[in-house]
Amino acid sequence: MQNCSRYLIFFQYIGTKYSGVVKAPPHQQGRKGVQNYLEDAVRRLRPVNPVALSVSSRTDSGVHALSNSAHFDLQRRNDKPPFTEDILVEALNFHLKAEQIRELDVEAMRDAAALLVGTHDFSSFRAISSDMPFKDPVKTLEVASIEPGSAFVQTHFPREIQFWELTFKSRSFLYKQVRRMTGALVAVGQRQLSVPKLKELLQAQDSRAYPQGLAAPAEGLFLTRVDYKETDLQCSEGQPPSSGNPDN
């Protein structure tokens, strides 16, 4: 191929919204692969030849990459010389464009979180399960805070992204209570749910009142620690000490 050059590119991505790195087939609806967007960007450079990227390492849906790579062949029109590295990088980034990240109304989130602190019937924030009749929905939430956080990826991505940590502390939680509280607070931060509406949700005391699809996914959830008091480690009166038999 006359005046054709092969380019090797390195790229990174947060894979949450992609079907994976390789391109999705034309008949697939919904999310696309990272390769779909890269090839669209290369086509905008108006090459003579068909565009086809060869991706080095395949990643699945939702997987992130700090540095993946791919190569492609490109022939410019009118026998123009190959792109220099700087021009190619600038052109591809221009056509890819930065994904818009929605700013959160953190103060509203904190106002909403303050409503959750204390002793409440958290029925609206538990998911339906088989043990519901046996679990008391009244819980005491000691801490519900939203503070600036950090993430491993921050040191690897050139773009500044503000991470926030939501911290909850309680003696115990109901089934999916933390994920539901997190989802509701994020919805407040995104202005999809008002602080008064969150208060109404808490006061409804009905798991069916919780908006469908609002609960936060499990991937971002960490169990930080479990605290014990001295009395928690003492045998109850009349109860024999545990034998330690794993079959018991």
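How many aromatic pairs does a search of the whole structure find? In this predicted model, the search returns 5 aromatic pairs. A pair of aromatic rings is described by the distance of the centres and the angle of the planes. One of the pairs is formed by Tyr18 and Tyr37, whose rings are arranged edge-to-face, with 5.7 Å from centre to centre and 70° between the planes. Tyr18 is located in the loop between strand 1 (4–13) and helix 1 (34–43), whereas Tyr37 belongs to helix 1, so the pair ties together parts that are 19 residues apart in sequence. With a relative accessible area of 18%, Tyr18 is buried, since the cut-off for that class is under 20%, while Tyr37, at 40%, is partly exposed. In a further pair, the rings of Phe122 and Phe125 have their planes at 70° and their centres 6.3 Å apart, and the arrangement is therefore edge-to-face.

The C-alpha atom of Tyr210 is separated by 33 Å from that of Tyr13, a residue 197 positions away along the chain. An aromatic ring also takes part in an arrangement with a charged group, in that the charged end of Arg76 sits over the ring of Phe83, at 3.9 Å from the ring centre.

Helix 1, which carries Tyr37, has 7 of its 10 residues buried and is therefore largely enclosed by the rest of the structure. The buried residues of helix 1 are Val34, Gln35, Asn36, Leu38, Glu39, Ala41 and Val42, and the elements that cover them include strand 1, strand 2, strand 3 and helix 2.

A contact between helices is formed by helix 3 (residues 106–116) and helix 4 (residues 177–189), the axes of which come within 8 Å and cross at roughly 145°. The crossing of helix 3 and helix 4 is right-handed. On the side of helix 3, the contact involves Ala108, Met109, Ala112, Ala113 and Leu116, which meet Met181, Leu185, Val186, Val188 and Gly189 of helix 4. Of the residues in this contact, 9 are nonpolar and 1 is polar, with no charged residue among them.

Backbone geometry was also examined in the loops. Most residues other than glycine have a negative phi, and most peptide bonds are trans. Arg46, by contrast, has a positive phi, near 60°, and is located in the loop between helix 1 and strand 2 (54–55). The relative accessibility of Arg46 is 56%, so this residue counts as exposed. A positive phi, of about 55°, is also found at Asn78, which is not a glycine. Asn78 is placed in the loop between strand 3 (65–75) and helix 2 (85–96) and, with a relative accessible area of 70%, is exposed.

Definitions and conventions:
Residues are numbered from 1 along each chain as its sequence is written. This is a predicted model: local features need pLDDT of at least 70, side-chain atom pairs count only at pLDDT 80 or more; totals for chains, interfaces and linings use all residues. Side-chain values use heavy atoms; hydrogens and water are left out. Axes are lines fitted to C-alpha atoms, for helices over the stretch in contact, and angles run from 0 to 180 degrees between N-to-C directions. Helices (H or I, at least four residues) and strands (E, at least two) are DSSP runs, numbered from the N terminus. A crossing is left-handed if the near helix is turned anticlockwise from the far one by less than a right angle, and right-handed if clockwise. Contact means heavy atoms within 4.5 Å. Ala, Val, Leu, Ile, Met, Phe, Trp, Tyr, Cys and Pro count as nonpolar, Asp, Glu, Lys and Arg as charged, and the others, Gly among them, as polar. Rings of Phe, Tyr and Trp (its six-membered ring) pair if their centres lie within 6.5 Å; planes under 30 degrees apart count as stacked, over 60 as edge-to-face and the rest as tilted. Buried means under 20% relative accessible area, exposed over 50%, partly exposed in between (1.4 Å probe, protein chains only). A charge sits over a ring if NZ of Lys or CZ of Arg is within 6 Å of the ring centre and within 35 degrees of the ring normal.
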